[in-house]
Every structure is written in structure tokens, then in C-alpha cells.
Amino acid sequence: MDEFIRIAQQYQKDLLAPYGGWQYMPMGNARALMVPVTRGCSYNACVFCALNKYPFSAFPMTQIEENIKKLAFIHSRDRKLPRQAVLLQGNPWALSTHKLLQIAEILKTWIPSIEEISGFARADDVLAKGPADLFRLRQAGYAHLTLGVESGSDAVLSLQNKGVSRQEQIQAMQMLDQAGIYYDCYVMLGLGGKELSADHVAATASLINEVHVQMLIVVTTVLFPDAKLVDLVRAGTFTRLSPKESMEEMFQLLALLQGPLIFNASHKTNLFALKGKVPEQKDDLMAKLQTLLDQHQVRGQGFRENQRWRRFSTEQ
């Protein structure tokens, strides 16, 4: 084996080791350079979430620089050098402005081709920075963020213990607009259960129509085995939507969106994959989704749906 390849493979293992060999990142940054800077989520109290297996921690700056040096080595032979970096993991913007600026400086020292730095952020991370710090971060290369909005309904946000309100999320995005930082947003189909479905859809659409999202990433709520949402389901206080019902929510949401934005519902949690521009391709997207819904009852579909849904016995 070529010595360069051997070292690069070892470095890649080293970079992923703090995450147990597995990490997550925003869908909009799938091709970006992954830079380990934190582990877990600083909030980590959402009822629906069990993604983070470790308590939140920020890596020492010396370790972050070593990580970046390893990434520089791994990509040193690339014909097309990386232009975008994404900071890992759940909300690296919980770090202070000073630390984020240090990371940007280190990145540009070792990988000068980087033009844009991105990552996940919570709305309260943005609010805590303030306009002056947001402008400084934008000037340093932090041009893009991905926010887990999840819902525009205060009732749903409260139920899921999101830790921020609808208005706080809007305010955070308005601050990003003013700083010149563009952003994508995640929303979750079925997050209000059957009980809050109508409010969830209407309030989420109105929130998205009020801001300037570049890409709206639409995923379906799933039950993580260790999530607190499991207890609500088993207690009968949260009634899950079936995958088809979640796709009906998607149809209702899409019908209410005005854009302009990229509607990206290609995530693997969704029963149907859909992606296109709103408003330019909205009619085509809705027609395609309606056709998929009409054809849903084809032979064998019910079995595949149950496999995807994995019902708990207490829901029978």
C-alpha cells in the first residue's frame, strides 16, 4: 500500500474516533470538508432526539489544529481542493465568537482553498452572538448555517422541549439576513403527532414564508429508541402519523409555501423522495407527490411501510 494512502486512512480514523466512527452533518454540506471541533449538542434536551450519545464537549484548540492539519494532508493530492468546510457536530456555534474566529484562521492557514465555513446551529446560538459578532464571523468566512427549526408552532416546540420559541427562531434568521449569512432549515413532518398536525403544518409554512431560507430540508419524525418521545407514544399522549400520513403533511406544507427556496425532501426517513424549486417547480412537485400518494396502496406497500415505521406493541 502506498505510504500516503496508509497515513491518510489512519488520519481519517483518528478524526472520526471521538464520534465512535460515525458522525452526522447537514444535508446541504454533504460534499464539504468535515472538521471535528465539538462532540454532541450543548442543549441535548429535545424530546424527539437521541442522536447525541455523548455529553457536549468542545475540543481543545490544539486538537482542532491537529485535526485540520490531518485534513490538509488527506486532501493535499486532491485535483479539486475543498472550498467549503463544515464544523462538526450538533451545534458548534455554541462556541464563543473568539474560538470560532480562531478556527477560521487555522483553517485558512492550513487549507487556504477554504472560502466558506458552515455547520449546524440553534437559534439561541445565533441570538447569543449579537449583530456585531455575526458580522465579524461573516467576514471571517462563516457564510452559511443550518438551523434545526423543526416546527413553526409554539405548541409543538413546547411539546418537544425545543428550548426556543417561534419568534426567537424568526429573530435569529432575521439577524443572519442582516449579517449576510445564508441558511438552510430542517423541519420535521409528524412532529406534532395527529393531535397537533394541522397547527404544525400551518405554523411551519407561515414561519418559512416569513424568512429567507435557501434550502428547506424536510424529514420525517422517527422514534429513536432512547428518545423521550417513546414514553409519550407508549403513554398514548402522542399519536404518531404513519409514513403515508406524514407524506400528506408534506403535501399540505408544500401547498402553503411561497418561496423562493429549494424544497429538499430527499431524506431517507421520508416515504417518498422529492426535491425542486419553489415557486418555479411547485406545481410539478405537488403533482408528482399527489401521484405517489394515489399509487401508495399498490401491492406490498403496506409491508414496506410497517417495516419503515416499526410500530411499538403498545400502539396496536
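These questions and answers cover a predicted model of one protein chain.

User: How many helices and strands does the secondary structure of the protein chain come to?
Analyst: Both kinds of element occur in this chain. The count is 11 helices and 10 strands.

User: Why is the protein chain as compact as a globular protein of that length?
Analyst: The globule rule gives 20 Å for 316 residues. The chain is as compact as a globular protein of that length because its radius of gyration is close to that value, at 20 Å.

User: What share of the residues in the protein chain is buried?
Analyst: Buried means under 20% relative accessible area. Of the 316 residues, the buried share is 52%.

User: What does helix 6 reach from its first C-alpha to its last?
Analyst: Helix 6 covers residues 166-179, which is 14 residues. At 1.5 Å a residue, 20 Å is expected. The reach is close to that, at 20 Å.

User: Which elements do the buried residues of helix 6 pack against?
Analyst: Buried residues of helix 6 include Ile 170, Met 173 and Leu 176. The packing partners are helix 4, strand 6, helix 5, strand 7 and helix 7.

User: Which residue follows helix 6?
Analyst: Its phi is positive, near 80 degrees. The residue is Gly 180.

Definitions and conventions
Residues are numbered from 1 along each chain as its sequence is written. This is a predicted model: local features need pLDDT of at least 70, side-chain atom pairs count only at pLDDT 80 or more; totals for chains, interfaces and linings use all residues. Side-chain values use heavy atoms; hydrogens and water are left out. Helices (H or I, at least four residues) and strands (E, at least two) are DSSP runs, numbered from the N terminus. The radius of gyration is taken over C-alpha atoms; the globule rule is 2.2 Å times the number of residues to the power 0.38. Buried means under 20% relative accessible area, exposed over 50%, partly exposed in between (1.4 Å probe, protein chains only). The expected span of a helix is 1.5 Å times one less than its number of residues. Contact means heavy atoms within 4.5 Å.
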